[in-house]
Amino acid sequence: MSLERVELRRIAMPLVSPFRTSFGVESDRDILIVRVVGAADDGSLDGWGECVALAEPTYSAEYVDGAQHVMEGHLLPRLAEAAPAGIDAADVGRILAPVHGHPMAKGAIEAAILDAQLRAAGVSFADLLGTATDADGEPSRIPSGVSVGIHDSVDELLATVQGYLDDGYVRIKLKIEPGSDIEHVAAVRDLIGPDVPLQVDANTAYRRTDGEHLAQLDQFDMLLIEQPLAEEDIIGHARLADEVETPICLDESLVSAEGTADAIDLGACEIANIKPGRVGGYLEAIRIHDLCLAREVPVWCGGMVETGIGRAANAALAALPGFTLPGDISASTRFYARDIVTDPITVVDGHVTVPTASGMGFDIDREFLDSVTTSTTTIS
Ligand code: NPG
């Protein structure tokens, strides 16, 4: 496709309830949406991508103002230079590679271009991946897990978890940090019984010396402990994997296929959380899935509190065969009273049906999107 213009939209989306993690509390999201408009031989092209960077650089080094800045000053000019020859989503990673880092910004641009190309071809992302239907030819459905923030009291936590069980979620993930961990997990395991899959996510809140403490979690028969240590501490995670029986899963540490392969070889990554935004886009996410499948490392699809734009594509991705654990792909209403797409993600009997609308699987609710837009920058 040739690129005619790019719109960078910022939207303000309140969350239905505050979401607390070990790195902070989110109550409102300031989200950067990328729209690419271009032309193909057979007509015009229009595609949308969501940048998962948060308002502050607290989950990773990226943040939404920085993402927009690097897009305007460094990424989009490189694409414009390449544009006369035409851009294919498969080339975006190579074109943007001279810019170090910024995977969330790069991933959003790649997703928008992929969306435009697939829409033009009348093909869905699920068709591209081969995940639109299951082995019986029925529409694919994926199990839906929910991520539960840190709560001040165990009673409040239990009330929240019970609500999600009532909504049908098939797996519970608890955010933890020192001081809100063993007792909270014990109480939730007691509430949900032995059969509901349970896991925890520390978002780097622990130190290498916490092995003995974290080993207390082994008694709760959990699927995994996610990212206990700092993102760069691969060796620390490998040591922890020896000290703790519950499998160690990496999230923040994994930013590329090469790095994931190394972390697996070092024994630091027994399970991988794949988040397309964190690794620079859906195409790199697929590469990570493929290498984990080949090495028999289970994977699951993480979430970054996405709107329906990211949530739809994540659902198509999560139906690939290596995703053997339920992902953080909950209903749009888990976070947003109203989504910016016309076909929000819903959970029925604990499952999400893989979207098959052409493109990445959603259609934009233009009127609502306009109503939540706080700024639009057009680059042509
Ligand atoms: O379901 O989209 C979702 C959220 C899943 O807990 C979730 N994400 O670290 O994995 C995480 C966490 C998170 C990321 C929370 C970014 C807030 C911001």
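## Salt bridges and ground rules

A salt bridge here is a side-chain nitrogen of Lys or Arg within 4 Å of a carboxyl oxygen of Asp or Glu. The side chains of Arg119 and Asp115 meet in one, with 2.9 Å from N to O.

Before going on, please note that this is a predicted model, where local features need pLDDT of at least 70, side-chain atom pairs count only at pLDDT 80 or more, and totals for chains, interfaces and linings use all residues. Residues are numbered from 1 along each chain as its sequence is written, and side-chain values use heavy atoms, with hydrogens and water left out.

## The overall build

The protein chain has 12 helices and 13 strands; these are DSSP runs numbered from the N terminus, with helices (H or I) of at least four residues and strands (E) of at least two. Along the principal axes, the C-alpha atoms fill a box of roughly 60 × 45 × 40 Å.

Of the 380 residues, 58% count as buried. Buried means under 20% relative accessible area, exposed over 50%, and partly exposed in between (1.4 Å probe, protein chains only).

## Back to the helix pair

Arg119 and Asp115 are four residues apart in helix H3 (residues 103-121), a separation of about one helical turn. Arg119 is partly exposed at 23% relative accessibility, whereas Asp115 is buried at 0%.

## Bridges across the chain

In total, the count comes to 24 salt bridges. Which residue forms a salt bridge with Asp370? The partner is Arg9, and the closest N and O atoms are 2.9 Å apart. This pair links distant parts of the chain: Asp370 is in helix H12 (residues 366-372) and Arg9 in strand E1 (residues 2-21), 361 residues apart. Asp370 is partly exposed, with a relative accessible area of 44%, while Arg9 is buried at 10%.

Another salt bridge joins Arg171 and Asp328, whose closest N and O atoms are 3.0 Å apart. Arg171 lies in strand E6 (residues 171-175) and Asp328 in the loop between helix H11 (308-317) and strand E12 (351-353), so the pair ties together parts that are 157 residues apart in sequence. Arg171 and Asp328 are both buried.

Salt bridges that share partners also join Arg5, Glu7, Arg9, Arg35, Asp46, Arg366 and Asp370 into one network.
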